[in-house]
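These are my notebook entries on a structure that I had not examined before. I set down what I looked up, one topic at a time.

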Amino acid sequence: MPAFTPPPLPSSDNRWKIVNGTMRKNGFARHALIETLHTVQSAFGYLDDDSIRFVARSLRVPLSQAYGVVTFYHYFSLKPPGKHTATICAGTACYIKGSDKLVAAAEKRLGITRGQTTKDGQISLMTARCVGACSRAPVVLCDGEVVGEVTAEQVLEQLERWAVE
Amino acid sequence: MTIEELEQVAKSVCQENEKYDFEVNVCMDLACMSQGADRLREALEKAAGASDKHVLVRRTGCMGPCSSGPLVRVDPEETLYHHVNAGHAEAIVASLGGAPVPELQCDLNDHFDRQVRVVLENAGHIDPEKIDDYIARDGYKALLTALTEMTPSGVIHRITESGLRGRGGGGYPTGLKWGTVAKAGGELKYVVCNGDEGDPGAFMDRSVMEGDPHRVIEGMAIAAYAVGASKGFIYVRAEYPVAVSRLTTALRDTRRRGLLGSGICNTPFNFDVEIRLGAGAFVCGEETALLASIEGRRGAPKPRPPYPAVSGLWGKPTLINNVETFANIAPIVRNGGKWFANMGSERSKGTKVFALTGKIANTGLVEVPMGIKLREIIEVIGGGVPDGHTFKAVQTGGPSGGCIPAEMLDLGVSYDALMAVGSIMGSGGMIVMDDTSCMVNVARFFVEFCMTESCGKCIPCRAGTAQMFTLLSRICEGSGTMEDLDLLVSLCNTIKETSLCGLGMTAPNPVLSTLKYFKNEYIEHIVHKRCPAGVCNMEAHASEVSKEVLA
Amino acid sequence: MSESMGVKTLIIDGQEVSARSGQTILEVARENDIKIPTLCHIEGLGAVGACRLCLVEVKGTSKLFPSCVANIHEGMEVLTDTERLRKHRRVILELLFAERNHICSVCVSNGHCELQALAQEQGVTHISLPYRNPALAVDASHERFTVDHNRCILCTRCVRVCAEIEGAHVWDVMGRGIDSIVITDLHDEWGASSCTRCGKCVQVCPTGALFDKSKIGSDHPKYPDFLPYLNLMREAQ
């Protein structure tokens with residue numbers, strides 16, 4: 001059997017070299033699939049068919065299996081994120097302290113539902129399964145930064161600032 | 001590194017610390033950080049630099065009462081300051097050596113006095129990114145003692161003697177698990193640390209990994225020596241980036257010190273650890289699903305047996321313990337099994353860390369001896385329910401657990417006692433609910449959680465949780481019937497008995513426990529179309545019916 | 001099973017039977033003409049223990065065991081047809097019928113469907129659970145076969161036969177929980193996928209989810225019996 005040669009990088013974009021680095025570090029072993037997908041997502045912001053195909057071919061993972069993994073884990077996104085992201089924690093402590101009202105207020109203001117991005121690509125509205133800052137509930141991650149004891153007004157103010165940028 | 005070298009490091013850290021007259025410890029855990037702890041630390045460093053006093057400003061892990069953050073503790077006086085911001089830095093530094101700053105002083109004696117700190121003994125005392133800080137507080141002494149003075153079976157014996165049970169929720173005796181892996185044949189074995197803290201409302205493991213990462217690594221290394229493993233994995237949620245970065249730093253420093261790698265402490269023992277990131281799947285807390293995820297696959301559980309102890313990662317014998325379990329190992333090896341067994345209740349030994357959250361005055365992390373009454377945790381340590389509301393229930397065990405009503409608050413916390421009342425110990429989330437929480441709505445919340453987190457492999461969990469959610473939604477919206485309630489109970493029974501893994505088997509718990517203790521709330525919703533807590537919107541009912549007709 | 005051929009004795013439904021060490025409860029039951037209902041299990045493919053219909057009781061424990069993967073041991077007493085098991089089996093079958101759009105009268109597999117047969121056998125006469133009525137697609141892009149997700153019960157036989165026997169692994173499951181569906185490649189149309197057109201998945205599908213286009217409107221029996229034969233031939237090589 002001829003030795004396996006990984007496929008060429010999809011483009012000259014340097015980020016593919018980082019992706020390839022993760023796979024090389026793991027000896028192009030199949031078990032590096034999730035690690036590599038993490039690298040792709042942190043480099044490109046999301047995963048698309050081309051990147052999944054490249055990773056699957058490189059690691060010799062069947063395409064359907066790779067797609068099954070990508071869609072199993074909610075951390076992976078198949079769509080590019082907005083310029084800004086508001087992630088409202090929907091963990092138990094936050095729920096008990098009214099995080100569902102924050103979500104409803106944000107959905108109404110942006111005209112989208114959780115998991116979506118506004119048409120202008122400015123704001124993504126996400127919910128999280130507990131970020132572990134329960135003692136400050138309800139919690140919102142504004143572009144990754146934890147803001148605790150948030151009110152609906154504060155969420156709307158933040159969205160307003162992002163929307164007019 | 002040898003024990004002598006270790007002691008040398010500890011000594012030099014102490015000598016270094018003695019150069020300072022005061023230590024100002026700043027809690028840099030997530031909750032305090034979200035209230036400006038990093039700016040506070042910078043301001044304190046600036047103020048300390050400008051002052052002629054010898055002051056060491058140190059960042060530490062979680063000090064506990066997060067609702068009082070940002071927190072600062074001044075040593076050697078052990079003065080605790082709460083709600084500190086950068087503007088207070090100069091006043092704090094100026095007060096050193098004199099009277100404390102009165103308006104910042106925090107009186108939480110009741111909160112701290114009832115706690116016993118084993119797992120959290122270093123939290124608030126060391127810089128989590130400095131291995132020498134850990135070594136100065138007896139860090140890695142247990143590992144080196146085990147390697148040089150104890151046999152692997154001696155280590156297992158000590159763990160068995162301690163009575164330690166798995167802190168991930170199941171409560172399986174740790175010594176027994178280690179013994180099974182040790183007995184399993186084969187050259188290659190693995191040790192896996194389950195840091196996939198998925199229970200919403202729980203953050204004990206995050207705080208331990210962020211505040212004292214070396215403690216977890218030391219526990220894993222001792223376990224590896226005991227069971228004969230040479231390779232370890234820490235599986236951490238991707239939602240915990242700080243924990244990942246602290247663990248990465250800790251692993252690098254441990255390798256540099258020769259405490260991981262080959263020939264540790266001039267013995268034939270080899271061990272190294274890799275970090276694996278989760279990707280947002282609660283079911284990966286289940287051990288067979290976690291292993292599938294480490295292998296790069298969908299996190300779908302497999303029927304057991306075979307247990308991972310016999311056939312785990314890539315079919316090799318694998319020991320899986322939770323973060324808090326590993327965090328208990330070093331003190332047990334150092335102090336002996338009997339020391340640990342002296343704490344706690346008859347069948348639940350030692351201490352347990354709980355994340356106390358919800359409608360309670362002092363939210364945060366607490367560590368209490370097993371057997372302590374729930375009332376003491378909630379009313380004394382937690383300071384009770386604030387804002388004039390009344391206590392309704394405490395939820396333990398996350399989506400797999402149950403709600404415990406006020407009349408059961410004198411229950412002593414142990415694996416068996418919680419199980420007997422329809423909840424579980426779980427990993428340690430403890431969420432307090434008051435009269436503004438609707439128990440039907442809470443049950444629906446947990447069932448929705450289980451529905452979206454179900455892997456979909458087995459039918460009872462996949463389709464059953466979805467049906468439970470539909471039935472509960474009907475009740476919450478005012479269109480539920482008493483027949484729906486019977487259907488719900490029958491479903492719960494089948495899902496509990498027939499599901500493939502723990503997620504499905506325990507998914508009905510929040511429903512069953514609220515039905516047991518708060519059935520009147522269900523009846524109110526169904527018969528009188530009324531939500532006693534005023535949470536559920538019953539008016540939606542009319543429009544829902546018309547939609548159903550159209551569909 | 002060559003490593004240990006030790007003979008074990010056990011009791012299934014009051015009947016004393018002998019078995020070889022390493023056998024599953026299901027294997028031994030079938031050798032002795034004791035019927036245990038199964039759906040995801042099929043002889044010749046790796047067992048996954050997912051459908052939970054083959055759960056049995058074992059005396060001495062309240063836990064139920066999936067007989068397709070649980071091994072026998074000496075002296076065990078197995079019960080395969082108690083009221084408790086029958087109730088669970090009916091609920092599980094009801095869950096399947098309510099999960100997607102299973103309308104037997106207009107299904108290509110009517111009369112040849114394992115789900116339908118099991119429901120009749122287990123006495124499922126009506127569905128008391130709310131129907132979920134999900135909007136699911138039919139993909140007829142393949143030149144020979146069609147996949148109708150409305151009839152799929154996610155048993156993963158197609159995934160396993162494609163990966164384990166054909167060696168192509170074109171099928172897999174995407175999403176999770178109630179939103180799971182079987183896919184080919186990157187959720188591509190079946191006709192545009194790397195499918196080898198062998199048709200094994202169609203033959204092992206227990207319902208009308210995968211079917212042969214040429215048989216629409218006519219009797220559509222399936223023939224999964226090739227699996228044990230293929231395995232036997234491979235072992236001999």
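**Entry 1: two domains of chain B.** I note at the outset that this is a predicted model. I looked up the distance between domain 2 of chain B and domain 4 of chain B, and their C-alpha centres are 37 Å apart. I then checked whether the two touch: ten residues of domain 2 of chain B are in contact with eight residues of domain 4 of chain B.

**Entry 2: the division of chain B.** For the bounds, I recorded domain 1 (19-107), domain 2 (138-341), domain 3 (351-434) and domain 4 (439-550).

**Entry 3: chain A against chain B.** I looked up how many residues each chain brings to the contact: chain A gives 32 residues and chain B gives 36 residues. On the chain A side, at least two residues come from each of helix 2 (33-44), helix 4 (63-72), helix 5 (92-96) and strand 5 (145-147). I sorted the residues on that side of chain A into 19 nonpolar, nine polar and four charged.

**Entry 4: chain C.** I found six helices and ten strands in chain C. The radius of gyration of chain C is 19 Å, close to the 18 Å given by the globule rule for 237 residues, so chain C is as compact as a globular protein of that length. Along the principal axes, the C-alpha atoms of chain C fill a box of roughly 55 × 50 × 35 Å. I noted that 44% of the 237 residues of chain C count as buried. Among the contacts in chain C with a separation of 6 or more, 63% are between residues 24 or more positions apart.

Notes. Residues are numbered from 1 along each chain as its sequence is written. Chains are lettered from A and ligands numbered from 1 in the order in which they are written. This is a predicted model: local features need pLDDT of at least 70, side-chain atom pairs count only at pLDDT 80 or more; totals for chains, interfaces and linings use all residues. Two residues are in contact if their C-beta atoms, placed from the backbone, lie within 7 Å. Helices (H or I, at least four residues) and strands (E, at least two) are DSSP runs, numbered from the N terminus. Ala, Val, Leu, Ile, Met, Phe, Trp, Tyr, Cys and Pro count as nonpolar, Asp, Glu, Lys and Arg as charged, and the others, Gly among them, as polar. Domain bounds come from an automatic or database domain assignment. The radius of gyration is taken over C-alpha atoms; the globule rule is 2.2 Å times the number of residues to the power 0.38. A residue is buried if 20 or more other C-beta atoms lie within 10 Å of its own, exposed if 12 or fewer, and partly exposed in between; C-beta atoms are placed from the backbone.
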